Amino acid sequence: MHADCSDGLRPAIGGRLVRRRLLAATGCALCGVALWPAAATAATEMDPRLAQLLKERRTLWLRRGTEEVRSTYWTATRGRLQDEYLQICWILRDVQADRVFAMNRALLDTLAGIQAWLKQAGVDAPIEVHSGYRTSRTNLATEGAALNSRHVVGQAADISVAGVSNVKLAGLSSVLGRGGTGFYVGRGFVHVDAGHERVWIDQQRKAPKPPG
Ligand SMILES: [Zn+2]
């Protein structure tokens, strides 16, 4: 299963993925992606405004440093598009630990909805990824990260969009998403996750354990 999984992934991400990158702490996380376990699809029902934005296609344009991905990972006519989804998982990987993880679909839908809304408002720009999946080890080494961070289970991303204030971004996340939104004053990003619905503002950069 592991060999099939990694072999199938290689073309989708330009041949840079090697098998060791697939072996997350809990095993071959991307094998789980290929099989689409029930747990990965049992998301809370989508917000109707988000559903309207994403009714025909779900596309994400993500940038991380010099890397960029623009993928439509679902369409109404074709359903889930696995290779495109995996490209998104790749750019949201733990770059420090060199690990790829099966990112939560509700999270991706929230991000895609934010981007679709912004595009309708005239902002056609990539979402800048500051952090996506984190191994427990990377999470421990991340300033201010909670031990039970949603990043560790592939359900969170820290993002920004050029030309869009983080206040507006946080507002869009809380309106369109059904998970958590964290606004960190002075940090240059907004935390978006697919955990329980909640919003928080962290005003102190050195706070001991903020929830994101
Ligand atoms: Zn975060």
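Strands E7 and E9 (residues 190-193) run antiparallel and are joined by four bridges; strands count as paired if DSSP finds at least two bridges between them. Keep in mind that this is a predicted model: local features need pLDDT of at least 70, side-chain atom pairs count only at pLDDT 80 or more, and totals for chains, interfaces and linings use all residues. Residue numbers start from 1 along each chain as its sequence is written. Overall, the protein has nine helices and ten strands, taken as DSSP runs (H or I, at least four residues, for helices; E, at least two, for strands) and numbered from the N terminus.

**Confidence**

- The average pLDDT, the predictor's confidence in each residue from 0 to 100, is 82 for the protein, and 75% of the residues score at least 70.
- Over residues 1-29 the pLDDT is below 50, yet this stretch has 41 contacts in the model beyond near neighbours in sequence. A contact here means two C-beta atoms, placed from the backbone, within 7 Å.
- Residues 31-43 also stay under 50 in pLDDT, with 16 contacts in the model beyond four places in sequence.
- Where pLDDT is low, the predicted coordinates should not be read in detail.

**Strands around E7**

- E7 (residues 156-161) is mostly covered, with five of its six residues buried. Buried means that 20 or more other C-beta atoms lie within 10 Å of the residue's own, exposed means 12 or fewer, and partly exposed is in between, with C-beta atoms placed from the backbone.
- On the E9 pairing, Asp158 stands opposite His191.
- E7 also pairs with strand E6 (residues 127-131), again antiparallel and through four bridges; here Val129 has Ile159 as its bridge partner.

- Of the 212 residues in the protein, 40% count as buried.
- The largest nonpolar core has 41 residues, and those with the most contacts inside it are Ile88, Cys89, Met103, Leu107 and Leu111. Such a core is a set of buried Ala, Val, Leu, Ile, Met, Phe, Trp, Tyr and Cys residues joined through C-beta atoms within 7 Å.
- H7 supplies the largest share of this core, seven residues.
- Twelve of the 16 residues of H7 are buried, so this helix is largely enclosed by the rest of the structure; among them are Leu107, Leu108, Leu111 and Ile114.
- How far apart are the end C-alpha atoms of H7? They are 22 Å apart, which agrees with the 22 Å that its 16 residues should span at 1.5 Å a residue (1.5 Å times one less than the number of residues).
- Met103 touches Ile88, Cys89, Leu92, Leu108, Gly132, Tyr133 and Gly154, leaving aside its neighbours within four places in sequence.
- Gly122 follows H7 and has a positive phi, near 95 degrees.

**The loop between H6 and H7**

- Asp98 sits in the loop between helix H6 (82-91) and helix H7 (105-120). Its phi is near 60 degrees, a positive value in a residue other than glycine.
- Is Asp98 buried or exposed? Asp98 is exposed, because it has 12 other C-beta atoms within 10 Å.
- Ala102 lies in the loop between H6 and H7 too, but this residue counts as buried because it has 23 C-beta neighbours inside 10 Å.
- Ala102 and Tyr85 are 17 residues apart in sequence, and their C-alpha atoms are 9.1 Å apart in space.

- Among contacts between residues at least 6 apart in sequence, 62% join residues at least 24 apart.
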